[in-house]
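This report is for a reader who meets the structure for the first time. Please look at the sequence and the model below before reading on.

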Protein chains: 4
Amino acid sequence: MAGSENMVILMGNLGKDPEVHTTGSGNMIVNLSVATTKSWRDRDSGERRERTEWHRVVIYSDGLAKVADKYLHKGSKVYLQGSLQTRKWTDNNGQDRYSTEIVLQPYDGKLIMLDGQNAQRTGGSKAEASAPANGDLDGEIPF
Amino acid sequence: MAGSENMVILMGNLGKDPEVHTTGSGNMIVNLSVATTKSWRDRDSGERRERTEWHRVVIYSDGLAKVADKYLHKGSKVYLQGSLQTRKWTDNNGQDRYSTEIVLQPYDGKLIMLDGQNAQRTGGSKAEASAPANGDLDGEIPF
Amino acid sequence: MAGSENMVILMGNLGKDPEVHTTGSGNMIVNLSVATTKSWRDRDSGERRERTEWHRVVIYSDGLAKVADKYLHKGSKVYLQGSLQTRKWTDNNGQDRYSTEIVLQPYDGKLIMLDGQNAQRTGGSKAEASAPANGDLDGEIPF
Amino acid sequence: MAGSENMVILMGNLGKDPEVHTTGSGNMIVNLSVATTKSWRDRDSGERRERTEWHRVVIYSDGLAKVADKYLHKGSKVYLQGSLQTRKWTDNNGQDRYSTEIVLQPYDGKLIMLDGQNAQRTGGSKAEASAPANGDLDGEIPF
DNA sequence: TTTT
DNA sequence: TTTT
């Protein structure tokens, strides 16, 4: 097949704590519920409007799953890259149903926690584990 | 509002001709069904594997909708940028259903046709309409 | 014209306060110096390595320039989208020189401040101006 | 250091054949010169304007370098992802000079050739090697 | 269900 | 230096 691209970039907040699952083969899988919000001024009424979108994120990368489990929690702000995947399943009535998820695979996904310090200040047990402090801007700036 | 990001980039082929709708207020809306394919070598078996993903794309940008209607057809290869949106609807059994789409809004979406010449050569009826090549449509033509 | 794409996404910290300029026609232009850092474990030595990259960012979008001027300062963390542009200039010895910049144009660029609260807490003079938090500037405020 | 992002996405045409180099340790490095073109309608004069940007791309990924060497040539259209890197060097007058490049590293870069069939038709020796035909849209389309 |  |  000719080359194709399927990439999603999200930056938003977790609506709840990560859900951790383990597969039969021992791999950790983490599900995130991420909210992104878009706001704009309505052309007609002139008033501010806002729409929140909720995204299902599934982390199949073991390394990223561990990070998510350890450092993320309800309210965490994250930046992530993954790809779209629609899963087919059958509901109780025997009907086909589809669920679209953003999946992060090994070597093909990114996950960055954006509020390490805040998390520490608000102090959940998970947050306290969030070591990687915000580095100083050392090094010479060439421009 | 806290800054957030919700961006999708797809490059793939249309599985069928664009579906054109017109809203009550006269705006053109175009639906695309786009396939992306990912291939990789299985770690265990060593054999080549491939998975095709289908994406629902909805173009709310009038300029891009016109371009899609005029130049795209089944098999066209496109590059596009939009954002994820999940629509809730009720099925015949009164159950909530969700459909996730990639939406292209005015001033927030891109659409590039990647096989203009091929289309002309292979000659579908729509493709032949794309004769003026880089001709103007209304100043919003992205290719 | 054939469709093309030229997009840069950066998330990093400002190495110094924004530099504000005004064009002859009264438009505000803001220059940012943004650091991104990549870290990895060396395959041979096994030790952690890190490389910081500095980026010149030029904001030609008036709305985003105002936001940058008002809310950003040395150390601010930002997420931005723009496009690559290489400028040619002549140095004092009459030699051609090139400078590559990430430019943010109106309707084609994003800028999101990622540490609003921190800024206020650490309290630079600029940061204090950001008090109204999500206050309106002119309807183009991205955060 | 806190998480950062540095990503470039380009889609454009090669201005000349790839330049292939081999490092002391036997790794293949390929340099590409890629043009992207942006066109817009001038707000004042109303006339169509166009600006071409040239990008230096350096492929350090051995796999992608081989693909580039084998399949790409002057005029090829490519889609690629990499990151920005500014190299410092000293010119003949002993002055510091900087060159900004888009680098594609192993496991952190993409390269997709977009005109396989065209290339074959126009027939350069390299082009004829460009096997991967444009796949058929088989598989059931769920929507 | 989040965040501002 | 490309492409349309």
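What follows describes two chain interfaces, an annotated segment and one residue with its surroundings.

This is a predicted model, in which local features need pLDDT of at least 70 and side-chain atom pairs count only at pLDDT 80 or more, while totals for chains, interfaces and linings use all residues. Residues are numbered from 1 along each chain as its sequence is written, chains are lettered from A and ligands numbered from 1 in the order in which they are written, and side-chain values use heavy atoms, with hydrogens and water left out.

The interface of chain C and chain D brings 37 residues of chain C into contact with 35 residues of chain D, where contact means heavy atoms within 4.5 Å. For chain B and chain A, 36 residues of chain B are in contact with 35 residues of chain A. The table lists the buried area, which is the accessible area (1.4 Å probe) that two parts lose on being put together, summed over both.

| Interface | Buried area | Part on carbon and sulfur atoms |
|---|---|---|
| Chain C and chain D | about 2,800 Å² | 44% |
| Chain B and chain A | about 2,800 Å² | 44% |

Between chain C and chain D the rule finds zero salt bridges, a salt bridge being a side-chain nitrogen of Lys or Arg within 4 Å of a carboxyl oxygen of Asp or Glu. The rule does find 14 residue pairs in polar contact across the interface of chain C and chain D, both residues at pLDDT 80 or more. A polar contact is a pair of N or O atoms within 3.5 Å; within protein, one must be able to donate a hydrogen and the other to accept it, and residues adjacent in sequence count only if both atoms are side-chain atoms.

On the side of chain C that touches chain D, two or more residues each come from β1 (5-14), β3 (28-41), β4 (48-59), β5 (77-90) and β6 (96-104) of chain C. Strands here (E, at least two residues) and helices (H or I, at least four) are DSSP runs, numbered from the N terminus. The largest share of that side, nine residues, is given by β1(C). β1(C) also pairs with strand β1 (residues 5-14) of chain D in the antiparallel sense, over seven bridges, where pairing requires that DSSP finds at least two bridges between the strands. Within this pairing, L10(C) has N6(D) in β1(D) as its bridge partner.

Across the interface of chain B and chain A, the rule likewise finds zero salt bridges, and 14 residue pairs are in polar contact, both at pLDDT 80 or more. Strand β1 (residues 5-14) of chain A runs antiparallel to β1(B), joined by seven bridges, and the bridge partner of N6(A) in β1(B) is L10(B).

In chain A, an unreviewed UniProt entry places the feature "DNA-binding region" at residues 54-60; such annotations may be inferred rather than shown by experiment. Over residues 54-60 of chain A, the chain is 86% strand and 0% helix, with the end C-alpha atoms 19 Å apart.

Which strand of chain C holds M28(C)? M28(C) is found in strand β3 of chain C. Not counting residues up to four places away in sequence, M28(C) touches V20(C), H21(C), I59(C), D62(C), A65(C), K66(C) and D69(C). The C-alpha atoms of M28(C) and A65(C) are separated by 6.4 Å, although these residues lie 37 residues apart along the chain.
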